[in-house]
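Subject: Structure handover

Hello,

Here is the structure I said I would pass on. My notes on it follow below.

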Protein chains: 2
Amino acid sequence: MRIGILGGGQLGWMTILEGRKLGFEFLVLDKSTSSPACKISDLCFDYEKVDEFVKLCDVITYEFEHIPDEVLEKTSYLTLPSVEVLKLKKSKVEEKVFLRKRGYPVPNFTVATNEDLERAADMFELPVVVKSESLGYDGKGQYLIKEKGKLKDVKSNHPQGRFLVEEFVDFDFELSIIGVRNAKGEALIYPPTINHHEEGILIYNKSTDLAFPEAKEITKSLIEELNIVGLLCVEFFYTKDGKLLINEIAPRAHNTGHYTLDGSYTSQFENLIRAITGLPLGSTKLKSPSGMINIIGKSYEEMDIRKVLSVDGAKLYWYGKEKRYRRKMGHVNVVGSSQEDVERKLEYLYDVLFESLKC
Amino acid sequence: MRIGILGGGQLGWMTILEGRKLGFEFLVLDKSTSSPACKISDLCFDYEKVDEFVKLCDVITYEFEHIPDEVLEKTSYLTLPSVEVLKLKKSKVEEKVFLRKRGYPVPNFTVATNEDLERAADMFELPVVVKSESLGYDGKGQYLIKEKGKLKDVKSNHPQGRFLVEEFVDFDFELSIIGVRNAKGEALIYPPTINHHEEGILIYNKSTDLAFPEAKEITKSLIEELNIVGLLCVEFFYTKDGKLLINEIAPRAHNTGHYTLDGSYTSQFENLIRAITGLPLGSTKLKSPSGMINIIGKSYEEMDIRKVLSVDGAKLYWYGKEKRYRRKMGHVNVVGSSQEDVERKLEYLYDVLFESLKC
């Protein structure tokens, strides 16, 4: 069976590393054929060869959101999760409107254009969070506005398109939950993780002994409501007064699920493949307490690999991408004998990997 | 850093799947460039292009023993573990003579030529085990002789070369231990596994709560005596009167260590890469009780993948090789909550995978 992946980044790379074990072939479509996933795919195509790509695929999935509409038009009939979900996700506005309309808990927000951004911001106490509708991952196109004067910069950065204007949530911590569902409607939910972001980028996350049954229920309900065949990650704020609010959703493998490669009975990547190929889903149980820390904006030489690998139970994933400021270059998974053991290891790795990070 | 692998089979394939995560590039040398490892390597060469291959490699390792001497001559200066160890291993006679000379426990044996095979067999009670010196893995070139008349067949199958003639060991069970060592002399030992063979082929193996300190000591001593930089697997018989005898050694990744991909903090493949590239070794601890079962002589279609993947904690590795009688086509790793849990799962998988095996 031939599986096509839209996007050739690290999520595609890990999907192929896992999916090859199941005996599948992989074709990648990306704007550049030198991307990480292309190096281990059977065939790699650029966007111009989308027709050829589609012809060879039995099923197609995606590993990032920013795929041109003209590509999606040609691939949609084979694509799982459905392109409708992807389109919902592509717009930060439509995503939040959908969630609120369906009664899911989200931060208070309104929608604005370039012209009425000030008026929209006036609806909330400062600070407010302004997000460009169509941009936005790893904190890109996203602004924490503490004084109204700064809205000018946002407007000049984004002369066109809409904005999501959200009240600032003073959360206690962030958590996320990943669910997987196949075409038969069978669904499994991974245990929650506690996530630590800095300046809009996930730095590390870890498993937790807390159960968060409400967050699991929300994830299960959403995965069914969106008729997902594949993965859905739901990111939550846990507010200081103990409420859950959805920050965002992603219908694909997610950075907060990388730990599953080493910590879980079945990784998120393998379960994605199982779901879209009609195979039985794999157990989402933990083998042991786990965590993950990203490697950001460093070259291979700048990462102290000896220190990283000296951590008992550390596993390095180096994506082989060209170094860029704030770019995710790799990650380290960690397993341990207890939650505290994992936390100690993550703290050590944070010192090793972020001592010189300025982002 | 570019790592060369001599041999393109499943051991090379798994070495690349693991080693890519560490950021290395992989070059494969094999008689055929359509082998499993070639499909995910950066470059693949046939034996005729050995000079080109060597020029591009920073370090070379091997994944099977039967590499032509003229290839080894050209690659030896970059090869780890050393080619001397490999040559020792290539001869079933030299391997056993070395072990006995150095005082390691081995079954009683003698060496014979085609002419004096009967006389050699007379030195032991029947049955005896006769092994061709230069052939022999998965039971090939190996004969259990219950009546002397059968020696004729052995002689006509192997008109040339020497034989190892061993007393038959009526063992209680087989176990193996894998050790890893780097150039600094740091060594780590994996926990022992109990192995189940049928007709000379490993069928399944599993972790055990028993410690076997003597077997660990022997493995550690051998890995140092052979100055291994890389992996060494030692297979033992555990006799009915409680003695350990070495059956064979292998200076490479080993089928009885496949479970480490999912059951251990660090897989045997990752530790091989760490050892030969001078990186710190990874913990050999178990994450959870584990086991492995081979898939033998079946095509992908003949394997009931739905049943295999319905086992909680089962992970399939399909090598993508052409089906042949008695050929190892893939394996399934299993993790569980207890040793008994793993055993139950292996029993179920045995029924699924071997119900129609005739070997």
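Into which domains is chain A divided? There are domain 1 (2-79), domain 2 (108-167) and domain 3 (171-354), with bounds taken from an automatic or database domain assignment.

This is a predicted model, in which local features need pLDDT of at least 70 and side-chain atom pairs count only at pLDDT 80 or more, while totals for chains, interfaces and linings use all residues. Residues are numbered from 1 along each chain as its sequence is written, and chains are lettered from A and ligands numbered from 1 in the order in which they are written.

Domains 1 and 3 of chain A have C-alpha centres 22 Å apart. Between them, 16 residues of domain 1 are in contact with 15 residues of domain 3 (contact: C-beta atoms, placed from the backbone, within 7 Å). On the domain 1 side, α1 (10-19), α2 (36-39) and β4 (59-62) each supply at least two residues; the largest share, seven residues, comes from α1(A). Helices (H or I, at least four residues) and strands (E, at least two) are DSSP runs, numbered from the N terminus.

Chains A and B also touch: 26 residues of chain A are in contact with 26 of chain B. On the chain A side, α12 (305-309) and β16 (314-318) each supply at least two residues.

Chain A can be laid on chain B by a turn of 180° and a shift of 0.0 Å along the axis, with an RMSD of 0.0 Å (least squares on the C-alpha atoms of residues with pLDDT of at least 70 in both). The two copies are therefore related as by a two-fold rotation axis. In chain A, the C-alpha nearest that axis belongs to A:Ile40, 2.7 Å away.

Regards

Methods:
Two residues are in contact if their C-beta atoms, placed from the backbone, lie within 7 Å.
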